[in-house]
Amino acid sequence: MIVLAGTPLGNDDDASPRLRAELAGADLIAAEDTRRLLNLAGRLGVQISAPVTAYHEHNERDAAQSLVAAASQGKRVVVVTDAGMPAISDPGYRLVSLAAEQGVAVTVVPGPSAVLTALAVSGLASDRFAFEGFPPRKDGERRSFFAALAAEPRTTIYFESPRRLEQTLAVMADEFGADRRAAVCRELTKTHEEIRRGTLAELAEWAHDVRGEIVIVVEGASPQARDARSHVPEVLELAAAGLRLKDAAAHVAKREGLRKNELYDLALAARSAR
């Protein structure tokens with residue numbers, strides 16, 4: 001059997017009794033970072049007797065074959081990542097897919113999840129949400145990525161590097177609207193945990209020289225915002241035909257019962273991104 005085991009995000013007290021038991025009783029352990037796993041086991045007081053092998057994004061495809069083979073031979077293979085649940089923006093998906101194809105049993109030891117922890121503490125709607133992982137690093141790809149999500153009605157959740165946080169929040173403010181509410185969750189469960197809530201514009205202004213592990217949670221688009229965005233192409237067409245962009249936005253907004261400033265800002269951002 002293959003066991004996907006969740007590990008603490010930062011607070012070792014979040015390690016479950018089942019995680020401890022699985023690490024102690026495994027026949028083989030696959031870890032994203034073997035040294036971090038051994039350090040965690042030491043802090044938890046768990047004696048590991050099984051071999052520990054590396055399983056990360058660079059060897060995931062090849063390593064999955066050997067791990068499934070080991071499980072098919074009767075070994076209990078425990079898979080852990082650096083923090084949180086395997087397969088959630090971490091290695092594990094290919095392994096589970098291959099195991100399912102080959103009829104090898106897979107089970108889960110539930111544990112901490114940065115995605116759900118950030119969602120719960122964000123103060124934003126949690127009845128419907130979508131996890132979008134890490135945004136693209138290149139500016140053009142990142143803008144296109146967020147433009148495609150601007151009308152998403154569900155709360156969306158993202159991971160981001162602290163080095164790119166300020167730029168990413170600025171692009172979000174451009175594409176989603178400066179007044180869209182969001183939360184930046186930093187160093188979840190750790191000593192210096194910080195939850196910063198505000199509009200995307202406010203958070204972009206704040207996010208200078210931020211450090212630590214980052215999760216961004218953004219509220220979904222309102223019905224009016226989604227409707228306004230759908231009229232941006234018409235505004236741009238009128239502007240291309242000779243109208244000033246502001247006049248084109250005012251004309252369409254009056255006809256459709258929309259806020260002209262919101263429609264103008266959306267059209268201006270869309271034209272700038274071209």
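Author: The following account treats the salt bridges one by one and then turns to a helix contact.

The model is a predicted one. Side chains of opposite charge can pair when their charged atoms come close.

Arginine 94 pairs with glutamate 60, their closest N and O atoms lying 3.3 Å apart. This pair links distant parts of the chain, 34 residues apart: arginine 94 belongs to helix α4 (residues 93–101) and glutamate 60 to helix α3 (residues 60–72). The two partners may be set side by side in terms of accessibility. Arginine 94 has a relative accessible area of 36% and is therefore partly exposed, whereas glutamate 60, at 6%, counts as buried because the limit for that class is under 20%.

Arginine 143 forms a salt bridge with aspartate 174, with 3.2 Å between the closest N and O atoms. Here too the pair links distant parts of the chain, with arginine 143 in helix α6 (residues 139–149) and aspartate 174 in helix α7 (residues 165–176), 31 residues apart. Arginine 143 is partly exposed at a relative accessible area of 21%, and aspartate 174 is likewise partly exposed, at 36%. These two residues also belong to a network of salt bridges in which Asp139, Arg142, Arg143, Asp174 and Glu175 are linked.

Arginine 186 forms a salt bridge with glutamate 194, the closest N and O atoms being 3.0 Å apart.

As for the annotated context, UniProt places the feature "domain: Tetrapyrrole methylase" at residues 1–204, in an unreviewed entry. Within the model, the end C-alpha atoms of residues 1–204 are 46 Å apart, and the span is 39% helix and 20% strand.

Helix α10 (residues 232–240) packs with helix α12 (residues 260–273) at an angle of about 70°, their axes being 9 Å apart. The angle therefore makes α10 roughly perpendicular to α12. On the α10 side the contact involves Val232, Val235 and Leu236, which meet Leu263, Leu266, Ala267, Ala270 and Arg271 of α12. The residues of this contact comprise 7 nonpolar, no polar and 1 charged.

Note on methods: Residues are numbered from 1 along each chain as its sequence is written. This is a predicted model: local features need pLDDT of at least 70, side-chain atom pairs count only at pLDDT 80 or more; totals for chains, interfaces and linings use all residues. Side-chain values use heavy atoms; hydrogens and water are left out. A salt bridge is a side-chain nitrogen of Lys or Arg within 4 Å of a carboxyl oxygen of Asp or Glu. Helices (H or I, at least four residues) and strands (E, at least two) are DSSP runs, numbered from the N terminus. Buried means under 20% relative accessible area, exposed over 50%, partly exposed in between (1.4 Å probe, protein chains only). UniProt positions are given in the numbering used here, feature names are shortened, and annotations may be inferred rather than shown by experiment. Axes are lines fitted to C-alpha atoms, for helices over the stretch in contact, and angles run from 0 to 180 degrees between N-to-C directions. Angles under 35 degrees count as roughly parallel, over 145 as roughly antiparallel, 65 to 115 as roughly perpendicular and the rest as oblique. Contact means heavy atoms within 4.5 Å. Ala, Val, Leu, Ile, Met, Phe, Trp, Tyr, Cys and Pro count as nonpolar, Asp, Glu, Lys and Arg as charged, and the others, Gly among them, as polar.
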